[in-house]
Amino acid sequence: MNSETISNILPERQAKPKWLRVKLPTGKKYTELRGLVDKYSLNTICTSGSCPNMGECWGGEGTATFMILGNVCTRSCGFCGVKTGRPETVDWDEPEKVSRSIKIMKIKHAVLTSVDRDDLKDMGSIMWSETVKAVRRMNPETTLETLIPDFQGIEQHIDRIIDVAPEVVSHNIETVRRLTREVRIQAKYDRSMGVLKYLKQQGQRRTKSGIMLGLGETREEVIETLHDLKANDVDVVTIGQYLQPSKKHLPVKQFINPDQFKEYEEIGLELGFRHVESSALVRSSYKAQKHIN
């Protein structure tokens, strides 16, 4: 594969390659969970984000992802489909609502994520802590992954996550160093790496991060990012294809071939990561339950 940055924008109506075509989710377990979500108006990222792996996660693994702290983000990342603006007032009933949803759906492994809340003095970290505690109380057998924002790198806020001891703490690097300012805007590559390092230094058992491909990165830059993640003691890496949420978002500059994803997986395993999930349809919570081991 040519390692030079791909600069040509794909034609707007170019068909996605065959490896990005997704089968409609089916199966008894999936149908049952979908019915519960609709009946009780449960809020999952799986449905609101139209995740391509929803059928697999719900049908076989009993895994689902829930977003807390509202659905309006204080940041305006070029890749993300979440609304940007002035967030709503914090709903302090949210921990119980999320816990009840997990109980109704009989989720074995729950992934919690959130928008960035730079408008709050605690960056939303107290709500994070309270939600994990509530899930533990109502669902003692459910394991947890927390996919956290960077909390602007403030250790006091990160400590609140460490103190409630989720099985996995994840923070996505999202892209390579060179593209971070364009892709993540208010985030910083080294700050995110610092968050991951701090988690491990403070005793977090399992850490995880994710990378999107197809934004114009080179092969060498992806490998450099994997080296950086390993140097900061990350255990699990997910690597997937970026897909443009709307015309207002950054364009896809390249659809990555499955063979290239396989190569990155092999490189990651050679570097010593405990798990590497690498394919076009991989998202942050893909096969999340197995990452606790």
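**Exercise 1. Determine how accessible Arg219 is, and find which residue it forms a salt bridge with.**

Solution. At a relative accessibility of 25%, Arg219 counts as partly exposed, where buried means under 20% relative accessible area, exposed over 50%, and partly exposed in between (1.4 Å probe, protein chains only). The model is a predicted one, in which local features need pLDDT of at least 70 and side-chain atom pairs count only at pLDDT 80 or more, while totals for chains, interfaces and linings use all residues. Residues are numbered from 1 along each chain as its sequence is written, and side-chain values use heavy atoms, with hydrogens and water left out.

The next step is the partner: Arg219 forms a salt bridge with Glu263, and their closest N and O atoms are 2.5 Å apart; a salt bridge here is a side-chain nitrogen of Lys or Arg within 4 Å of a carboxyl oxygen of Asp or Glu. Because Arg219 lies in helix 9 and Glu263 in helix 10 (residues 258-271), the pair ties together parts that are 44 residues apart in sequence. Helices (H or I, at least four residues) and strands (E, at least two) are DSSP runs, numbered from the N terminus. Glu263, at 23% relative accessibility, is partly exposed.

**Exercise 2. Locate the two residues of the salt bridge between Arg178 and Glu221, and state how accessible each is.**

Solution. The side chains of Arg178 and Glu221 meet at 2.5 Å, N to O. Arg178 belongs to the loop between strand 6 and helix 7 (180-183), whereas Glu221 belongs to helix 9 (residues 219-231), and the two are 43 residues apart. As for accessibility, Arg178 is partly exposed at 44%, while Glu221 is buried at 13%.

**Exercise 3. Describe which residues of helix 6 are buried, how they are arranged around the helix, and what they pack against.**

Solution. Begin with the residues themselves: in helix 6 (residues 155-163), the buried ones are His157, Ile158, Ile161 and Ile162. Viewed down the axis of helix 6, these residues fall within an arc of 150°, so they line one face of the helix; the arc is that of the directions from the helix axis to the C-beta atoms. On the face turned away from this buried side are the exposed residues Gln156 and Asp163.

Turning to the surroundings, the buried residues of helix 6 pack against helix 5 (125-138), strand 5 (143-147), strand 6 (168-170) and helix 8 (189-201), contact meaning heavy atoms within 4.5 Å. Just after helix 6, Ala165 takes a positive phi of about 50°.
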